[in-house]
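Please look through the sequence and the structure shown here, and then follow the explanation below.

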Amino acid sequence: MKPSGYYTSGEFARMANVSIRTIRFYDKQNILKPSYVSPSGARFYSEGDFARLQQILLLKYLGFSLDDIRDLTIDDADYHFLLNSLNMQRKLIQDKIEQMQLVEKAIADTAAAIESESDINWSRMLNLIHLTNMEKSLKGQYKNATNISARINLHRLYTQNPLGWFPFIYGHCRIQDGMRILELGCGNGALWTENLEKLPANVSITLSDISQGMLRDARRMIGGEDPRFTFQAFDCHRLPYGERQFDLVIANHVLFYCSQIDKVCREVRRVLKEGGRFVCSTYSGRHMKEISELVEGFDRRIALSADKLYERFGLENGASILAPYFESVQCIRYEDGLLVDQPEPLIEYILSCHGNQNQYILERYKEFRSFVEKKTRKGFAITKDAGIFAASKLSPV
């Protein structure tokens, strides 16, 4: 007998104008499970399941994969989660439009060349194949960009220091008219978008990142028409510049990701002018420790990071790592803390980390959200212990 307020699989499918096969497929893929299964195995769905199915169909239409949709356990309170996902998809669509325009032009050029030369340029055809394969890398790039945005957002919303992190870094860069500047690992360009009004008119700034997706984000945020900025994709272990090219090199939370920090330091020193400065940021072992304790309190198996990045390059050891390559190495701490009173930005931050948290959180997302909501109800205090090293190149190489 059908429970009151529930729909059979057939009724549910007709309501949504999809096939029963689709409903069974989503069940099998753990994307949409029935709210009630009878002792005989009959499956029944509720009004809440119908709302969830509408979300699934919308996300599928927007281009999200089944794996993405499975991760998005969304209810009305989790609009931040959905909004970030939609923003990522919008950026992907923008890139797909740009990509398809390039593909269209490449096809037209290749066809014109074949018509005029009566021959096939296989090198040109190979470039066309590379263009059509670009899409495969876009999603991974924008997931990284979205993760960085989630981490920045938590700090932006709840920082206790009235001078934000990016104005703090900018102030210690001592940027003056006529300087040539290189930023390594620029991310979405937040250092510059938050300080554009302070920036002199006559400066040359190269923003670099290993990720083309990050550079596209930075270009869109800053605006491609600003003549002060250029954008280059490369690995900072090998800088594509001659000696003594820059007055200032910046690496904001970058060095601890580098496999060979000593090589990066040598490269930075090589491209700096005499008297040039290297400003790089990091944090200590105390930084954001309450977040790790929070998730471990929910599930002891969770580790937000497989690596302790501060052990590779942190406030405790950064000066000794920089000392062989630079003179006058100064550590400047950023005095701050967070007081978080809403669960969503904190959850977004946690899900953006590089550890195993999604394995244990996403399947229990509603339970985890309730757990975090209780922790933040009266304000959840988080320690921040980050800062910069300002180093100078005072002597010849």
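Is Arg369 buried or exposed? Arg369 is buried, its relative accessible area being 10%, where buried means under 20% relative accessible area, exposed over 50% and partly exposed in between, for a 1.4 Å probe and protein chains only. This is a predicted model, in which local features need pLDDT of at least 70 and side-chain atom pairs count only at pLDDT 80 or more, while totals for chains, interfaces and linings use all residues. Residues are numbered from 1 along each chain as its sequence is written, and side-chain values use heavy atoms, with hydrogens and water left out.

The side chain of Arg369 meets that of Glu344 in a salt bridge (2.5 Å, N to O), a term for a side-chain nitrogen of Lys or Arg within 4 Å of a carboxyl oxygen of Asp or Glu. Glu344 lies in helix α15 (residues 343-351) and Arg369 in helix α17 (residues 365-376), so the pair ties together parts that are 25 residues apart in sequence; helices are DSSP runs of H or I with at least four residues, strands runs of E with at least two, numbered from the N terminus. Glu344 is buried as well, at 8%.

A second salt bridge joins Asp385 and Arg333 (2.9 Å, N to O), linking strand β10 with strand β9 (residues 327-340). Here Asp385 is buried at 8%, whereas Arg333 is partly exposed at 40%.
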